[in-house]
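Me: I'm new to reading protein structures and I'd like to learn it feature by feature. Please put one up and start with helices.

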Amino acid sequence: MAASTYLTGIKPTGDFHLGNYIGAIKPALAAAEVYDTFYFIADYHALNIIKDADELRQSIRSGAATWLACGLDPERTVFYRQSSIPETFELTTILSTLTPKGLMNRAHAYKAARDRNNEAGITELDAGINMGLYNYPVLMAADILIMEGQRVPVGRDQSQHIEYTADIAGYFNHRYGDSYSFPIPKGVIDDSEASILPGTDGRKMSKSYDNHIPLFLPEKRLRKAINRIPTDSTPVEDPKNPDTSIPFQLLTHFADADKVADVRKRLEAGGMGWGDLKKELFEAVNTELGPKRERYEELMASETELDDILASGLERARERARRVLTNVRAAIGID
């Protein structure tokens, strides 16, 4: 078992945006420099949202191409599809026999779905809730434990997922620990300002707020999206407060320290308008993402490259999954 296994699941649901890039993708790629990393496309989790087969196929390809284009090195990181690891689903069944139903009843996603029904006046609070959503925490636990994941990045609002995985691993270890024990995973939570990108309205960038900028917009559309970011009516010649400016906050994530300091100085001194700031922002974003956009388009256009990369990761992932499941089966008496 690796001493420091870092694992994350990538939901292939919808286009990625700049906030995903800054808050999730870049930190995960940096982690690959330090840890033994396992990153997977969570395509079975996506079934709770995507019911169209062609849409799911496209989303899986797009999700994989996005991470690879942003710099994921498949030689350094084990990169695979969740659906390609049958051991995950056998482990899900085993863990289900140890997981109390009451624990699932308290899961945030399940409770939120029931609350929405209640607010809508629907008397059957479980209406529209499938077992995939209800059992989501068990499958997530299996995703992590089948690779003996020890460090799992999550947002603070998702920390319950890791707490549940730790609980479920604990149930198994308590019952079968004399034969085999799972490592107890810990959440890696980064909610610092450096990891949170503001959206076009100042709130955290999110598709649910409709304040996001897609990651691989073509140049012309990227320029338009940046130009549409609201600013106040302060005249060009007047001093401005960079810290209250959304375009400036975005610039700090894409420009180097010298450029950020120079723009700050020009804004505070007066003589630099919001239009000039947006030009600087566009240049910084496009410079960083332009080559990644081209690589993404190459991967999506190729009929074989993505499949070959994921197939290579699959072999490495299954090697570990088989070993873990062999130990689990022996521990429970099915060997």
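Reply: Helices here are DSSP runs of H or I with at least four residues, strands are runs of E with at least two, and both are numbered from the N terminus. One caution: this is a predicted model, where local features need pLDDT of at least 70 and side-chain atom pairs count only at pLDDT 80 or more, while totals for chains, interfaces and linings use all residues. Residues are numbered from 1 along each chain as its sequence is written, and side-chain values use heavy atoms, leaving out hydrogens and water.

Me: Okay, so how many helices and strands are there in this protein?

Reply: You'll find 14 helices and five strands. Among the helices, α13 has 28 residues, and its first and last C-alpha atoms are 38 Å apart, close to the 40 Å expected.

Me: Where does α13 bend?

Reply: A bend at a residue is the angle between two fitted axes, one for the seven residues ending there and one for the seven starting there. In α13 that gives about 40° at Leu-289, and a proline, Pro-291, follows within four residues.

Me: Which residues of α1 are buried?

Reply: First, the cut-offs: buried means under 20% relative accessible area, exposed means over 50%, and partly exposed is in between, using a 1.4 Å probe and protein chains only. The buried residues in α1 are Leu-18, Gly-19, Tyr-21, Ile-22, Ile-25, Ala-28, Leu-29 and Ala-31. They pack against several elements, including β1 (5-10), β2 (36-41) and α13 (274-301). For the whole protein of 335 residues, 47% count as buried.

Me: You said α1 packs against α13. What angle do α1 and α13 cross at?

Reply: Two packed helices are described by the angle between their axes and the distance between the axes. Axes are lines fitted to C-alpha atoms (for helices, over the stretch in contact), with angles from 0 to 180 degrees between N-to-C directions. The axes of α1 and α13 cross at roughly 80° and come within 13 Å. Angles under 35 degrees count as roughly parallel, over 145 as roughly antiparallel, 65 to 115 as roughly perpendicular and the rest as oblique. Therefore α1 and α13 are roughly perpendicular to each other. Contact means heavy atoms within 4.5 Å; here Leu-18, Tyr-21 and Lys-26 of α1 meet Glu-288, Leu-289 and Lys-292 of α13. By type, that contact has three nonpolar residues, no polar ones and three charged ones. (Nonpolar covers Ala, Val, Leu, Ile, Met, Phe, Trp, Tyr, Cys and Pro; charged covers Asp, Glu, Lys and Arg; the others, Gly among them, are polar.)

Me: Let's do another pair. How many Å apart are the axes of α8 and α9?

Reply: Helices α8 (residues 136-145) and α9 (residues 159-176) have axes 9 Å apart, at an angle of about 75°. That makes α8 roughly perpendicular to α9. Among the residues that meet are Tyr-136, Met-140 and Ile-144 in α8, with Tyr-164 and Ile-168 in α9. The residues of this contact divide into 11 nonpolar, two polar and no charged.

Me: Now backbone angles. What is the phi of Glu-148?

Reply: Most residues other than glycine have a negative phi. Glu-148 has a positive phi of about 50° although it is not a glycine. Look for Glu-148 in the loop between α8 and β4 (151-153). Asp-210 also has a positive phi, about 55°, and sits in the loop between β5 (186-188) and α10 (219-227).

Me: Is Glu-148 buried or exposed? And is Asp-210 buried or exposed?

Reply: Glu-148 is buried, at 2% relative accessible area. Asp-210, at 63%, counts as exposed.

Me: Last one: which residues is Thr-8 in contact with?

Reply: Leaving aside neighbours within four places in sequence, Thr-8 contacts Phe-38, Tyr-39, Phe-40 and Pro-153. Thr-8 is in strand β1 and is buried, with a relative accessible area of 10%.

Key: Expected span 1.5 Å × (residues − 1).
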